[in-house]
Amino acid sequence: MMRKNETRVSEFLLQGLPLPPEHQGLFFILFLLMYLTTVLGNLLIILLIRIDIRLHTPMYFFLSVLAFDDVIFSSVTAPKMLMDMKTSHKSIPYAGCISQVFFLILVGCFENFLLTVMAYDRYVAICQPLHYTTIMRQERCIALLATSWILSFFYSLLQALLLARLVSRENESRVSEFLLQGLPVPPEQQGYFFILFLLMYLTTVLGNLLIILLIRMDSRLHTPMYFFLSVLAFNDVSLSSVTVPKMLMDMKTNHKSIPYAGCISQVFFLILFGCFENFLLSVMAYDRYVAICQPLHYNTIMRQERCVALVSTSLIVSCFYSLLHTLLLARVSFCADVTIPHFFCEIIPVLEVSCSDVSLNHQVMYIVGGIYFYLPFIIILGTYICIWATVLRNPSAKKFFKVLSTCGSHLLVVSLFYGTILKVYFLSSSSATNNKDIIASVMYMIVTPMLNPFIYSLRNRDIKQALNLLANRVKFCSQKT
């Protein structure tokens, strides 16, 4: 369980460039001009591509992304290097060093994949010119970039977490695994609850994957609303899969342990998918606001690029927030008692078993986390105020029921999600995890993702038509064989 004593540091000293002191000023001006040329030159490339419609092609789209990546890559190190050249104490905080490593690997790895994608684009343009527009369509270009970014992100996250484990701040004992207390279920009822939660998890996975399949196969559902719904379905599957399989396995074993790296990873993905769903619900509310309050401009406002941009931005912001919590948690020490009073590694119970100062973790959780929680909630609240204000200007029973049928499912999902999150993280009666908090966690981790497909499909005529279409296709294929 326990690992050897280690010494942790609060900052690192950077040796800097091997330059004679008398040449520091000259090289400072040289590198400053090079950095400004890099930033301004690449931003000019991006601006030219954006304003000239003739450059709205896959090749220049990838070039603009490469230019942005080069700006970020230079900005990770150059400003710090220039600042150190003008100071005598060339230090960098622990968190700053870990963050710099993370972003260097992220941006460098992404550029590596991006150059490969650009080479593939040139191959298609030269070797298959007649099929170029079909192969390199906008969705595929975005998918290639998204895949490259996701692979780069997880690789850089892995390296940052491994590095955070090596560097320590004070003499302490580190643990190699945690013990999960599990659900407060009597031993004689473990079998019944195992079957219940297994059925709920399978319903969650199959129900949400069915929603995604129906939306993909029926062209009538290729609209922004159903695009966001398919992303929500995928996120629900991911959120449940982070904890439920491990919980089910623990219910059938006596040794309910989880490795240190597994616990940290579980915290990361829980915050990632939870925060992403938070933003995604606000994006879906905005989509409904545009559809009801600005119906004539709906297709212009909610065009495909904007929908993808909203989802991508939500995911990126969620990634950075979950990374912040993960890096802060990686610095926390754990001593003798490593039993987590929960059935998964939720951040609050994990911090409760720590033997080091976790005040910074709690401050980030309640300040930054509060902003991340309330900002999307305020957006949702504001959009629905505007929606009902629009309806009440010219009230009619037909319009009222139409709005209710359009927004009712979303409102119910929002109520379930925010109600349980509010109970667990903001309205807990004490600092210690109790059974009510665990039940609330079961609600947003297992029950809500399971109910979402039913909420969105039971009273949705389009989903029912797509389901009938799928059933007819399956019936036709079975008869044909």
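Which residues touch the most other members of the largest nonpolar core? In this predicted model, where local features need pLDDT of at least 70 and side-chain atom pairs count only at pLDDT 80 or more, totals for chains, interfaces and linings use all residues. Residues are numbered from 1 along each chain as its sequence is written, and side-chain values use heavy atoms, with hydrogens and water left out.

The protein has 15 helices and 5 strands, where helices (H or I, at least four residues) and strands (E, at least two) are DSSP runs numbered from the N terminus. Of its 481 residues, 46% count as buried; buried means under 20% relative accessible area, exposed means over 50%, and partly exposed lies in between, with a 1.4 Å probe and protein chains only. If contact is taken as heavy atoms within 4.5 Å, then residues 24 or more positions apart account for 80% of the contacts in the protein with a separation of 6 or more.

The opening question can now be answered: Leu183, Phe197, Met247 and Phe334 touch the most other members of the largest nonpolar core, which has 121 residues. Such a core is a set of buried Ala, Val, Leu, Ile, Met, Phe, Trp, Tyr and Cys residues joined through side-chain atoms within 4.5 Å. Its largest share, 20 residues, comes from helix α8 (residues 260-293). When neighbours within four places in sequence are left aside, Met247 is in contact with Leu183, Phe197, Phe343 and Ile446.

Angles under 35 degrees count as roughly parallel, over 145 as roughly antiparallel, 65 to 115 as roughly perpendicular and the rest as oblique. The axes of helix α7 (residues 224-251) and α8 come within 10 Å and cross at roughly 160 degrees, and α7 and α8 are therefore roughly antiparallel to each other. By class, their contact has 15 nonpolar, 5 polar and 5 charged residues, where Ala, Val, Leu, Ile, Met, Phe, Trp, Tyr, Cys and Pro count as nonpolar, Asp, Glu, Lys and Arg as charged, and the others, Gly among them, as polar.

Helices α8 and α10 pack at an angle of about 150 degrees, with their axes 8 Å apart, which makes α8 roughly antiparallel to α10. The residues of this contact divide into 21 nonpolar, 5 polar and 1 charged.

Helix α10 (residues 304-330) also packs with helix α3 (residues 94-127), at an angle of about 140 degrees and with the axes 12 Å apart, and α3 and α10 are therefore oblique to each other. Ile98, Ser99, Phe102 and Phe103 of α3 meet Phe320, Leu323 and Leu327 of α10 in this contact, whose residues divide into 6 nonpolar, 1 polar and no charged.

Two single residues complete the tour. Proline 58 lies in helix α2 (residues 58-85) and counts as buried because its relative accessibility is 15%. Leaving aside neighbours within four places in sequence, proline 58 is in contact with Asp121, Tyr132, Met136 and Cys141; tyrosine 132 is 74 residues away along the chain, yet the two C-alpha atoms are separated by 9.7 Å. Phenylalanine 454, by its place in helix α14 (residues 435-457), belongs to another part of the chain, and at 37% relative accessibility phenylalanine 454 counts as partly exposed.

Technical notes:
Axes fitted to C-alpha atoms, helices over the stretch in contact; angles between N-to-C directions.
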